[in-house]
Amino acid sequence: MPGVTDRLLDDLAAAVGESDVLADEDRRAPFEVDWTLRYRGRARAVVRPADAEQVVAVLAACRAHGAAIVAQGGNTGMVGAGVPRGGEVVLSTVRLTDLGPVDRAAAQVEAGAGVTLATLQAHARQAGLDAGVDLGARDSATLGGLVATDAGGTHAVRHGTVRARVAGLQAVLADGTIVDRPALLKDNAGYDLPALLVGSEGTLGIITRVRWRLVALLTSRVAALVPLASLEQAAALLATVRPRLQSTLHAVDFFMDEGLALVLDHLDLPAPVPERAPVYVLLECAATSDPTDELAAALAEAGVEDAVVATDTAERGRLWRFREAHAEAISAVGIPHKLDIGVPLDRLAEFAQRVPAEVERVSPGARPVIFGHLGDGNVHVNVLGPAPDDDAVDEAILRLAADCGGTISAEHGVGRAKARWLGLARSPGELRAMAQIKRALDPDGLLNPGVMLP
């Protein structure tokens with residue numbers, strides 16, 4: 001068997017060059033564990049192709065040797081979809097970084113799958129446009145990964161998830177076929193294969209390039225942090241201000257005082273409000289002209305008198321730091337179980353109220369921390385305490401989300417973390433259809449085995 005293994009490495013080196021095949025343990029290590037530190041596995045090798053043709057050659061080598069493949073972007077995932085389980089070849093998109101000129105007439109740009117979100121944002125803004133997506137991992141998260149998971153982020157309340165940003169893409173299927181759909185503004189000829197690959201988590205093809213649909217650059221912004229007594233009040237606040245801010249509402253997130261306490265301790269910062277509250281809602285409005293008066297009027301109508309308002313960039317950044325630092329503050333305490341779920345807005349408060357009891361039932365003494373995107377009912381449940389391989393709390397929270405009429409995955413994906421519970425969110429008929437699509441496009445099961453499908 002050593003000869004077979006060596007021949008695989010030789011064939012991979014022939015495909016991409018010897019320097020971009022990482023087989024030594026110390027060079028593989030950063031690609032073998034995810035951001036949460038919860039999911040890890042040994043890779044046979046890490047390979048870094050430079051273009052779609054090299055991806056084709058890598059897939060051919062892996063098919064010939066029966067080696068499975070895990071695609072990996074910036075490795076910011078939280079459900080184990082981008083790291084090996086044991087013995088797979090990790091295909092890193094780190095070299096797929098071509099970035100084309102912005103097509104201002106079409107408001108689109110072509111970018112390699114390895115381009116980071118922050119790079120795309122800066123590139124688009126130089127042309128007077130914007131990416132339409134933002135999230136805390138912007139400096140590391142890559143476009144290929146964002147598309148593969150149909151990521152959301154803070155601006156989904158205004159611009160939708162990443163699916164809405166994909167005008168076209170290039171991908172390599174398991175048999176080496178290159179799918180390269182030109183991004184015409186109107187094109188309804190045949191099946192929309194790019195749409196099928198969005199959110200497929202590397203199980204149907206390897207995304208190599210994206211034609212990204214841009215949005216207007218809105219330079220006038222205002223943010224407000226509103227302390228509230230409950231999530232019911234948060235939902236009522238959103239119901240009041242959303243109709244008034246239809247043309248400017250850019251983000252609506254929430255966090256709890258338990259999470260804020262972790263952030264303040266981790267960053268050694270004072271509280272952002274003079275009097276602490278159980279719940280905080282962070283709103284941001286963006287427009288071509290100053291939306292401050294519009295936001296103030298909406299908050300006044302909602303009866304809010306104690307909001308912390310920030311109009312300049314530094315102050316807005318300071319307020320957002322209290323929300324965006326939750327992930328790092330939680331991870332500084334321990335390895336969390338991260339559950340990303342979605343529930344109807346009218347049941348979000350019920351879900352959050354039931355979480356502590358469910359966690360205590362299956363994992364006594366564990367510590368839940370909740371925050372998320374209020375505008376679209378996306379809740380991030382982090383649980384500190386259970387061992388990384390103890391799935392009892394995961395199952396309890398996912399079943400609770402389903403019981404509240406929600407989904408087990410809103411923006412992080414299913415990965416291997418939630419695959420066994422996909423049936424909570426999808427019917428048996430849908431699961432059969434997904435399995436048939438998987439078998440049709442990847443009959444040998446080489447692409448990301450064990451991810452998404454039970």
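Which residue forms a salt bridge with Arg244, and how far apart are the closest N and O atoms? Glu301 is the partner, and the closest N and O atoms are 2.9 Å apart.

This is a predicted model, in which local features need pLDDT of at least 70, side-chain atom pairs count only at pLDDT 80 or more, and totals for chains, interfaces and linings use all residues. Residues are numbered from 1 along each chain as its sequence is written, and side-chain values use heavy atoms, with hydrogens and water left out.

**View A. The Arg244–Glu301 salt bridge.** A salt bridge is a side-chain nitrogen of Lys or Arg within 4 Å of a carboxyl oxygen of Asp or Glu. Arg244 and Glu301 form one, at 2.9 Å between the closest N and O atoms. Arg244 lies in helix H8 (residues 231–244) and Glu301 in helix H10 (residues 292–301), so the pair ties together parts that are 57 residues apart in sequence. Helices (H or I, at least four residues) and strands (E, at least two) are DSSP runs, numbered from the N terminus. Arg244 is partly exposed at 40% relative accessibility. Glu301 is partly exposed too, at 48%. Here buried means under 20% relative accessible area, exposed over 50%, and partly exposed in between (1.4 Å probe, protein chains only).

**View B. Ala234 in helix H8.** Ala234 is found in helix H8. Its relative accessibility is 0%, so Ala234 counts as buried. The C-alpha atoms of Ala234 and Leu348 are separated by 9.9 Å. Along the chain, these two residues are 114 residues apart.

**View C. The Asp130–Arg221 salt bridge.** Asp130 pairs with Arg221, with 3.7 Å between the closest N and O atoms. Asp130 sits in strand S6 (residues 129–130) and Arg221 in strand S11 (residues 220–228), so the contact ties together parts that are 91 residues apart in sequence. Asp130 is buried at 7% relative accessibility. Arg221 is buried as well, with a relative accessible area of 15%.

View D. Rolling a probe the size of a water molecule over the atoms shows where empty space is left. On a 1 Å grid over the protein atoms alone, a cavity is a set of points where a 1.4 Å probe fits but cannot get out; a pocket is an open set with protein on both sides within 12 Å along at least five of seven lines; lining residues have an atom within 4 Å of a point. Grid points are joined across faces, edges and corners, and a volume is the space filled by probe spheres set on the points. Two cavities of 30 Å³ or more are found in the whole structure. Helix H4 (117–126) and strand S10 (215–216) each supply at least two lining residues. By class, the lining has five nonpolar, five polar and four charged residues. Ala, Val, Leu, Ile, Met, Phe, Trp, Tyr, Cys and Pro count as nonpolar, Asp, Glu, Lys and Arg as charged, and the others, Gly among them, as polar.

**View E. The second largest cavity.** Its volume is about 30 Å³. The lining residues are Asp34, Asn75, Gly77, Met78, Val79, Gly80, Ala81, Gly82 and Val83. Four are nonpolar, four polar and one charged.

**View F. The second largest pocket.** This pocket contains about 660 Å³ of space. It is lined by 27 residues, and Gly199, Val414, Arg426, Met434 and Met452 are the closest to its centre. Helix H15 (residues 428–441) gives the largest share of the lining, five residues. The lining divides into 13 nonpolar, eight polar and six charged residues.

View G. The whole structure has 29 salt bridges. One of them joins the side chains of Glu315 and Arg318 (3.3 Å, N to O). These two residues are three residues apart in helix H11 (residues 313–324), so about one helical turn separates them. Glu315 is partly exposed at 31% relative accessibility. Arg318 is partly exposed, with a relative accessible area of 32%.
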